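Thanks for joining; I would like to take you through one model this morning, going from a local backbone detail to the sheets and then to the contact between the chains. Please keep the structure open beside you while I talk.

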Amino acid sequence: MQQQSAIQAEEAEKIPFVGDKEPLSSLAAEYKAGGSPVLLEKIKILSEQYAAIRRTRGDGNCFFRSFMFAYLEHILESQDRAEVDRVRANVEECRRTLQKLGYPEFTFEDFFALFLEQLESVIQGSEASISDEELVKRSRDQSVSDYVVMFFRFVTSGEIRKRSEFFEPFILGLTSASVEQFCKSAVEPMGEESDHVHITALSDALGVPIRVVYLDRSSCDNGSVSVNHHDFTPVAGNNNSGGSEAVNPFITLLYRPGHYDILYPK
Amino acid sequence: MAEEKYNRKNPAVKRILQEVKEMQSNPSDDFMSLPLEENIFEWQFAIRGPGDTEFEGGIYHGRIQLPAEYPFKPPSFMLLTPNGRFETQTKICLSISNHHPEHWQPSWSVRTALVALIAFMPTNPNGALGSLDYTKEERRALAIKSRDAAPRFGTPERQKLIDEIHEYMMSKAPPVPQISSSQASESQTTEKEGEVEGSSRNADADGTQEGLRDPTLTDRIIEEEPHEVPPNRDPIVIPQSVPATQPGDQLLLQRPEPRVPRQADDRLFTWAAVGLTVAIVVLLLKKFLKAGGHGAFFTDES
């Protein structure tokens with residue numbers, strides 16, 4: 001265990017929580033030496049649609065970290081007040097969910113407050129407003145970044161527990177754990193990696209659609225290569241969610257087995 | 001409090017101050033915990049030995065250290081009062097403490113950890129690091145001794161806090177049950193302690209443990225080796241319970257052994273069985289007498 005965490009820490013030091021925006025060619029460069037032709041082919045296809053990638057640290061929190069940065073950056077660039085108000089309402093709903101589930105308020109309120117603070121600060125025109133550089137800086141600062149990640153973990157766990165009947169079959173497909181055990185062992189602890197269950201729950205809870213582009217070595221039987229993606233569209237039933245008609249996710253993540261990074265469309 | 005000294009912007013400090021506040025506004029009779037004035041990352045605590053166990057009536061002091069990364073990293077716990085279950089001045093090896101950091105989660109708190117610690121006391125240590133496996137008699141003796149005085153530990157300021165906590169716990173704690181040596185080791189004594197009037201009170205005491213009200217919390221506490229839990233005792237659910245409101249009643253509530261209600265039931269069943277048997281015998285006798293009258297007593301055999 002100690003050795004494992006030592007290795008993890010060492011690996012993690014190499015890359016900040018959230019990296020710089022890099023051209024997509026840097027992704028290809030990663031696979032140049034002895035890389036699989038399928039991957040190179042796929043990256044070529046990707047580069048037709050996507051311009052850049054922003055890497056995140058592979059510390060088990062990469063999905064939440066990627067989501068955090070991509071979402072806040074989107075608000076910073078779009079200055080979409082309506083979206084902020086909408087997500088705020090959903091955050092309040094998540095707070096009520098946790099209260100109903102019996103979480104003591106003090107165990108989650110700091111995390112909620114810190115997220116809302118970041119959300120407010122990316123909207124320009126107030127004293128608290130921050131720039132893109134500041135957003136990057138904060139996302140690399142553990143005392144902000146980990147708190148926002150943990151906020152998302154609370155939201156995800158609350159959503160899964162609230163709709164445990166819906167999530168149960170998916171969780172049973174992953175492990176033999178109960179919904180409760182799953183949240184306890186795979187959602188709430190920091191550093192636990194995310195799966196489609198986490199993504200679905202977070203997307204539903206906040207009402208934010210997420211596109212995940214898959215980059216792996218798989219190819220079609222006939223030898224043709226295409227890049228698959230999956231859109232996580234929030235269920236319409238959830239309050240204030242965009243509904244199923246929200247077809248164009250503004251968050252795109254690149255998934256390579258075991259890791260998520262942020263993708264930027266052209 | 002020393003709040004002024006701390007950077008309230010520091011998230012760990014903010015969280016810890018909130019826990020102190022929460023702890024003070026929802027006091028429990030089962031435990032008490034406060035940080036040192038000069039360092040809120042250093043806490044003292046005392047827990048009450050769980051009822052219906054050899055620890056009942058004991059007051060066990062200990063020390064908690066919160067890491068700078070709290071609540072992302074777990075607190076560490078150490079007992080100071082000899083108790084026969086955990087070594088003193090040795091970090092306790094539970095999944096809630098920092099021997100198993102991978103199990104800790106920020107939705108837990110010092111309160112959660114203390115409730116778990118109480119629940120773990122009567123469980124089988126199975127050779128876990130820092131655990132002791134004293135006999136029930138030894139543990140009971142230590143429980144009695146634990147009430148005499150608080151342990152001596154650390155700076156005068158810490159000692160003052162320990163003494164304050166001890167006084168508070170003594171005002172709330174039930175006495176160590178009077179158990180004769182023959183009973184101390186027994187597991188199924190039936191007759192002697194059947195003070196049945198205690199049973200009805202005990203029945204409404206099996207509600208919720210203070211601090212365990214929240215089902216999600218208790219479900220999430222993991223024992224380090226769950227499979228080693230003795231089958232007849234769920235370590236998470238503490239059988240004894242005390243509504244925190246009326247400390248006066250608790251002394252009474254704490255007393256009855258958990259077997260008492262069952263004994264009452266047993267006794268009732270016994271009498272019912274005896275009654276039924278008598279009735280059947282009477283009926284049979286009547287029948288036989290009748291049958292005898294017709295000379296058909298041994299029909300089958302003849």
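Where is Gln79(A) found? Gln79(A) lies in the loop between α4 (62-78) and α5 (81-100) of chain A, where helices (H or I, at least four residues) and strands (E, at least two) are DSSP runs, numbered from the N terminus. Before I go on, this is a predicted model, in which local features need pLDDT of at least 70 and side-chain atom pairs count only at pLDDT 80 or more, while totals for chains, interfaces and linings use all residues. Residues are numbered from 1 along each chain as its sequence is written, chains are lettered from A and ligands numbered from 1 in the order in which they are written, and side-chain values use heavy atoms, with hydrogens and water left out.

As background, most residues other than glycine have a negative phi, and most peptide bonds are trans.

Now the sheet of chain A. Six strands form an open sheet with mixed pairing, in the order β1-β2-β6-β5-β3-β4 (chain A); two strands are taken to pair if DSSP finds at least two bridges between them. Because β1 (18-23) and β4 (229-232) of chain A stand at the edges with a single partner strand each, one side of each is left without a neighbour in the sheet. Neighbouring strands of this sheet are turned by 30° against each other on average, direction ignored, with axes being lines fitted to C-alpha atoms, for helices over the stretch in contact, and angles running from 0 to 180 degrees between N-to-C directions.

Within that sheet, β2 (residues 50-56) and β6 (residues 259-265) of chain A run antiparallel and are joined by four bridges, and Ile53(A) has Leu263(A) as its bridge partner in β6(A). Helix α3 (residues 37-49) of chain A packs on the sheet and touches β2, β3 (210-214), β5 (251-256) and β6 of chain A, its direction making about 110° with that of β2(A); contact here means heavy atoms within 4.5 Å. Helix α11 (residues 196-206) of chain A also packs on the sheet, touching β3, β4 and β6 of chain A, at about 40° to the direction of β4(A).

There is a side-chain link as well: Glu22(A) and Arg55(A) meet in a salt bridge at 3.0 Å, N to O, the term standing for a side-chain nitrogen of Lys or Arg within 4 Å of a carboxyl oxygen of Asp or Glu. Glu22(A) is in strand β1 and Arg55(A) in strand β2 of chain A, 33 residues apart.

Chain B has an open sheet of four strands in the order β1-β2-β3-β4 (chain B), with antiparallel pairing, and its edge strands are β1 (31-35) and β4 (76-79) of chain B. Strands β2 (residues 42-48) and β3 (residues 59-65) of chain B pair over seven bridges, and the bridge partner of Gln44(B) in β3(B) is Arg63(B). Helix α1(B) packs on the sheet, touching β1 and β2 of chain B.

How many residues of chain B are in contact with chain A? There are 23, and they meet 21 residues of chain A. The area buried between the two chains is about 1,900 Å², of which carbon and sulfur atoms give 60%, buried area being the accessible area (1.4 Å probe) that two parts lose on being put together, summed over both. Across this interface of chain B and chain A the rule finds zero salt bridges.
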